[in-house]
Amino acid sequence: MLIKNCKVLIDGVEKITDILIENEKIVKISENIQEETSQVIDVEGKWVIPGVVDVHCHMRDPGLSHKEDFTTGSMACARGGVTTFIDMPNTIPAVTTADILRDKKAMMSGKSYVDYGFNFGGSRNDNSEEIKQIIDEVASTKIFLNMSTGDMLITEDKVIENIFRESKIISVHAEEEMVAKAIELCEKYNKPLYLCHLSKASEAKTLKEAKARGLKVYGEVTPHHLFLNVDDVNADERSSMLLRMKPELKTKEDNEELWKALADGTIDAIGTDHAPHLIEEKLAKLTFGIPGVENSLEMMLKGVDEGKISMERLIEVMCTRPAEIFNIKNKGKIEVGYDADLVIIDRDDKSEIKNDKVITKANWTPYEKFNRGGRVITTILRGQIIYSNKEFYGRYGREINYHE
């Protein structure tokens, strides 16, 4: 495949260039490439960015697949420009043993439109011996310090310490004072720590202080914690049911401080915490979790339009840094030798996001009535078009590999 006249960022500079793809990889980036190829796409100066890497998704499969499954969730990814996602372990059964992990891997093979990986789950029953068996097969161990279901909420210090000791990187659901506790453990065991879905200005401040001390700690923020707040929740009865998740939405001031922390490098990554429930479930009973993966890039492009972050920073936090933090091989950059995961974007499309246009089984979006900052036209996975102009092509997704 040859993609011509792409607007790309190379070393922070906007350029119009061609991208040549062979055997799933980017093999040449240059102006006016004349190679004979079976497929030529002229994007006529539109933006082309690396495929988005979303390391925080709950695809609900197995056990809750009426809400979402690997196929529909991966279609939502493709539609949103996400070419790699990492699935969280709190499915049914929870992924807390090597056998359950391997069963889940076998079950999901061939179901996804995009590439994927798995997080393992820490258990209050102390499954640190299981972690030793699967450490090279997963992105990280996920620990819930504030809330979870089943055996995944861990409160006993000894168990938490054992899990930290045996894991290669820990992703943690920690809120408020638990953020500081997670950072203490990161320092004690010298293990990389990934703080999921930071929602408060004070949490970003704690992260900044930890980084200043040289700790291997990384922060994530979701688009909903950047664009939505308690005023949106309280707007009407419908919103008070739909816009509920953990951590809950905070204040407008928190939004502003999180944007600043994202722009200045304190926060490293965007993760959606895509956690869908059917709209009828949300409206019938207070249920925590929202869909997000489908509109995350379009919303973050809105942030670029509003001057909250630069296009270069968007690519860093959505594509490059998530892949680097979790040692995901050949993802997150437009560079020779990397997987040809690319997203073609129409930055001129500022149309309204609508509930009736979503792919997710949840059948709604928290960003209804927002105007997008651009539309994903085409998503390419390892040199194969998997989504283009509302059509999907081929479940080519496979499990990712990690660097040593």
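## Glu161 and its partners

Let's start with a side-chain pairing: Glu161 and Lys188 are joined by a polar contact of 3.3 Å. Keep in mind that this is a predicted model.

Glu161 sits in helix α4, which spans residues 157-166. Is Glu161 buried or exposed? Its relative accessible area is 17%, and the cut-off for buried is under 20%, so Glu161 counts as buried. Leaving aside residues up to four places away in sequence, Glu161 touches Leu185 and Tyr189 as well as Lys188.

## Helix α1, end to end

Now to helix α1, residues 70-80, which is mostly covered. How many of its residues are buried? The count is 11 of 11. Among them are Phe70, Met75 and Cys77, along with Arg79 and Gly80.

Both ends of α1 have something to look at. After the helix comes Gly81, which has a positive phi, near 85°.

## The largest nonpolar core

Nonpolar side chains in soluble globular proteins tend to be buried together. Here, the largest nonpolar core has 90 residues. Which members touch the most others? They are Ile49, Leu193, Leu195, Leu262, Leu297, Met300 and Leu314.

Take Leu297 from that list. Not counting residues up to four places away in sequence, Leu297 touches Ile49, Val52, Leu314, Met318, Val343, Ile345 and Val376, plus Gly80. That last one leads back to α1, where Gly80 is one of the buried residues.

Note on methods:
Residues are numbered from 1 along each chain as its sequence is written. This is a predicted model: local features need pLDDT of at least 70, side-chain atom pairs count only at pLDDT 80 or more; totals for chains, interfaces and linings use all residues. Side-chain values use heavy atoms; hydrogens and water are left out. Buried means under 20% relative accessible area, exposed over 50%, partly exposed in between (1.4 Å probe, protein chains only). Helices (H or I, at least four residues) and strands (E, at least two) are DSSP runs, numbered from the N terminus. A polar contact is a pair of N or O atoms within 3.5 Å; within protein, one must be able to donate a hydrogen and the other to accept it, and residues adjacent in sequence count only if both atoms are side-chain atoms. Contact means heavy atoms within 4.5 Å. A nonpolar core is a set of buried Ala, Val, Leu, Ile, Met, Phe, Trp, Tyr and Cys residues joined through side-chain atoms within 4.5 Å.
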